[in-house]
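Visitor: I am new to this structure. Please walk me through the terms as we go.

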Amino acid sequence: MDARFLALRAATIAGLVVYLLGHRAHSEENYPDRPISVVIPSTPGSNMELQIRLISDVIQRKGGQPFVVDPRPGAMGALGASTVARARPAGYTLLISP
């Protein structure tokens, strides 16, 4: 993949997550008050995981809580998606999928 494409994708993901954290912060005073987990349906060390880890510092500063990357490969993304679907609907478990 082209380096410009990867940089654009990482910037887009970072912008979206920071927007969601900011939007959520206006609706709940204490959000986030515990670590945020992001599930990615790819293997550890994949391009997607590396991009998320690169932007996690920005997200941690914005949210004030740890940002945990949780790779869940398998079943063409269904394992990661089902993990998020079963999570408590409080906004602390996110799914980033291609």
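Predicted model: local features only at pLDDT ≥ 70, side-chain atom pairs only at ≥ 80, totals over all residues.

Guide: Residues are numbered from 1 along each chain as its sequence is written, and side-chain values use heavy atoms, with hydrogens and water left out.

Visitor: How do you know how many helices and strands the protein chain has?

Guide: Helices (H or I, at least four residues) and strands (E, at least two) are DSSP runs, numbered from the N terminus. The protein chain has 3 helices and 3 strands. Their order from the N terminus is α-β-α-β-α-β.

Visitor: What makes a set of residues a nonpolar core?

Guide: The members are buried Ala, Val, Leu, Ile, Met, Phe, Trp, Tyr and Cys residues, joined through side-chain atoms within 4.5 Å. Buried means under 20% relative accessible area, exposed over 50%, partly exposed in between (1.4 Å probe, protein chains only). The largest such core has 14 residues. V38, I40, I52, F67 and I96 have the most contacts inside it. Two or more residues each come from β1 (36-40), α2 (47-63) and β2 (67-71). The largest share, 4 residues, is from α2.

Visitor: Which residues of helix α3 are called buried?

Guide: In α3 (residues 78-86), G80, T83 and V84 are buried.

Visitor: Why do the buried residues of α3 line one face?

Guide: Seen down the axis of α3, they fall within an arc of 95 degrees, so they line one face of the helix. That arc is taken over directions from the helix axis to the C-beta atoms. The face turned away from the buried side carries exposed A85 and R86.
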